Amino acid sequence: MAYQAFSDQTLGFATKQLHAGYDPAEHNRSKAVPIYQTAVFELGDYDRCVRLFSYEEEGHSYVRFSNPTNDVLEKRLASLEGGAAAVTFASGMAAISSAILNLVRKGDEIITVHTLYGGSTTLFNGILKDYGVTTRFVEDENDIESYRQLICDRTRLIYIESLGNPGINIIDMRAVADLAHAYGIPLVVDNTFCTPYLLRPFDWGADIVCYSATKYLSGHGTVIAGMVVEKGNFNWRNGRFPQFEDFYRDHLTSIGKKTLDEQMFSKRLRMRYLTDLGGHMPPQTAFYVLQGMETLSLRMERHTCNAQKIAEFLEDHPAVREVNYPGLVGNRYHALALKYFPKGPGAMMSIRLAGGFKAAMRVLKRVRIWDYMVNVGDAKSLIVHSASSTHFGHSKEENAKAGVFDDTLRLSVGIEDAKDLIADLDQALAEGS
Ligand code: PLP
């Protein structure tokens, strides 16, 4: 009889990443989590159909709503994260946009920072604005007063990244969470660059965690995937969220008070934004994410260990003007890195080159092991020029605020031999054409 580790928080991370949320006895004793490659499930009889569609009974009817393969992944990530529930999505952006839509209505406001993944900035600034939702960007993300000044009656969430993309900056999450909670506002954190192995945002006060599972969670650059996790103890009925008041009233009889109290965010997220916007994660993808997550702790350990070595090498290199990695003693976020990242502040870094834009282009042309591509969080090492790719089309001022300049390269350090990665960078950084 397999051990279902979902609710046992005493188990270690490595055990849970292999077993949580899965009981082979419920799946023909298949040891690997089966891929339920179907679009629909039989409803059985009329009574069961009504119970399923009124949410009185948990079960699967149509794969856009839920699927047993995804179900395991959702439980596994919720377990690793220390959360109450999770929902899978087709991509990180589908996860983030759905989570935000679950919280805002016309006239509402969002507080966030300039140091965000470009797609998220566009969502806030370019898309939600057209639907009557205003986003206010804090002046200084390291100054808690900057956040406080922007809070008003219509503020519905504060949104940050645990390690900013591409600035690789660290925000004092605990301080922001405490401030948000003092006003009855949830803190939403994109934890893509850290994964629960390096940092569990719920331990520091976050209420909702979003992921691009395209990155470290799946870990091999094979799928596009996203997830949202709910901590489970936020009071959604505190007067700021009429949509949750309505949801509670409409579903109290069928879903029940306990589940609504613990998982109201996820239930509404699934029923409304996963189901009706339709950005579901295919079960094949869920399988790949599950497979990647089986080695998450091992990969993250190696990623961070390699990153520290590479940052130290680059720091001493004459062709490099600046290395932005919080694991370096001189980095402005080093003190926060020590507080929030005892296992190391991830494997993302950015560098600015002494030789400017031309030198950056030369490096991209010369690298042999490092792949020139926009993805991050792959087992393989990746390098990219942010201003002409992920941050293309943003103004110079916007990019400067996000730490992106013409001479900036972003590095996603993989799990190859560190000495080979260093030798490759060394030859690419050498002077001459
Ligand atoms: N969040 C961060 C921090 C990212 O880096 C990305 C993509 O690069 C996303 C979200 C969006 O994820 P996806 O590409 O899976 O939609």
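**Entry 1: R29**

I looked up R29 and recorded it as exposed, because its relative accessible area is 60%. For this notebook I note the cut-offs: buried means under 20% relative accessible area, exposed means over 50%, and partly exposed lies in between, with a 1.4 Å probe and protein chains only. I found R29 in the loop between α1 (13–19) and α2 (46–53). Helices here are DSSP runs of H or I with at least four residues, strands are runs of E with at least two, and both are numbered from the N terminus. I then read the backbone angle: phi of R29 is near 60°, a positive value in a residue other than glycine. I remind myself that most residues other than glycine have a negative phi.

**Entry 2: source of the model**

I note that this is a predicted model, in which local features need pLDDT of at least 70 and side-chain atom pairs count only at pLDDT 80 or more, while totals for chains, interfaces and linings use all residues. Residues are numbered from 1 along each chain as its sequence is written, and side-chain values use heavy atoms, with hydrogens and water left out.

**Entry 3: I168**

I turned to I168, which has a positive phi of about 50° although it is not a glycine. I located I168 in the loop between β4 (155–161) and α7 (173–182).

**Entry 4: the chain as a whole**

I counted the secondary structure of the chain as 16 helices and 12 strands. I compared the radius of gyration, taken over C-alpha atoms, with the globule rule of 2.2 Å times the number of residues to the power 0.38. For 433 residues a compact globule would have a value near 22 Å, and the chain agrees because it has 22 Å. Along its principal axes, the C-alpha trace spans about 75 × 50 × 35 Å.

I noted that buried residues make up 56% of the 433 residues. The chain exposes about 18100 Å², of which carbon and sulfur atoms supply 52%. These accessible areas come from the Shrake-Rupley method with a 1.4 Å probe; for residues, only the protein chains shown count as cover.

I also looked up the contacts, where contact means heavy atoms within 4.5 Å. Of the contacts in the chain with a separation of 6 or more, 71% are between residues 24 or more positions apart.

**Entry 5: charges and salt bridges**

I recorded 46 positive and 52 negative side chains, and the centres of the two sets lie 1 Å apart. Lys and Arg count as positive and Asp and Glu as negative, whereas His and the chain ends are not counted. The place of a charge is taken as NZ of Lys, CZ of Arg, CG of Asp or CD of Glu.

Side chains of opposite charge can pair when their charged atoms come close. How many salt bridges does the structure hold? I found 22 salt bridges, each being a side-chain nitrogen of Lys or Arg within 4 Å of a carboxyl oxygen of Asp or Glu.

I examined R148 and E145, whose closest N and O atoms are 3.2 Å apart in a salt bridge. Both residues lie in helix α6 (residues 144–148), 3 residues apart, about one turn of the helix. R148 is partly exposed at 35% relative accessibility, and E145 is partly exposed at 34%.

I next examined R249, which forms a salt bridge with D246 at 3.5 Å between the closest N and O atoms. R249 and D246 both lie in helix α9 (residues 242–255), 3 residues apart. R249 is exposed at 57%, while D246 is partly exposed at 33%. R249 also forms a salt bridge with D250, with the closest N and O atoms 3.8 Å apart; D250 is exposed, as is R249.

I noted a network of salt bridges that links R48, R51 and E57.

I found F357 in helix α14 (residues 356–366), partly exposed at 40%. Which residues are in contact with F357, leaving aside its neighbours within four places in sequence? I listed H385, D406 and D407. The C-alpha atoms of F357 and L409, 52 residues apart along the chain, are separated by 9.5 Å.

I found M93 in helix α4 (residues 92–101), partly exposed at 27%. Not counting residues up to four places away in sequence, M93 touches Y117, G119, S120 and L123. M93 and M227 are 134 residues apart in sequence and 9.4 Å apart in space, C-alpha to C-alpha.
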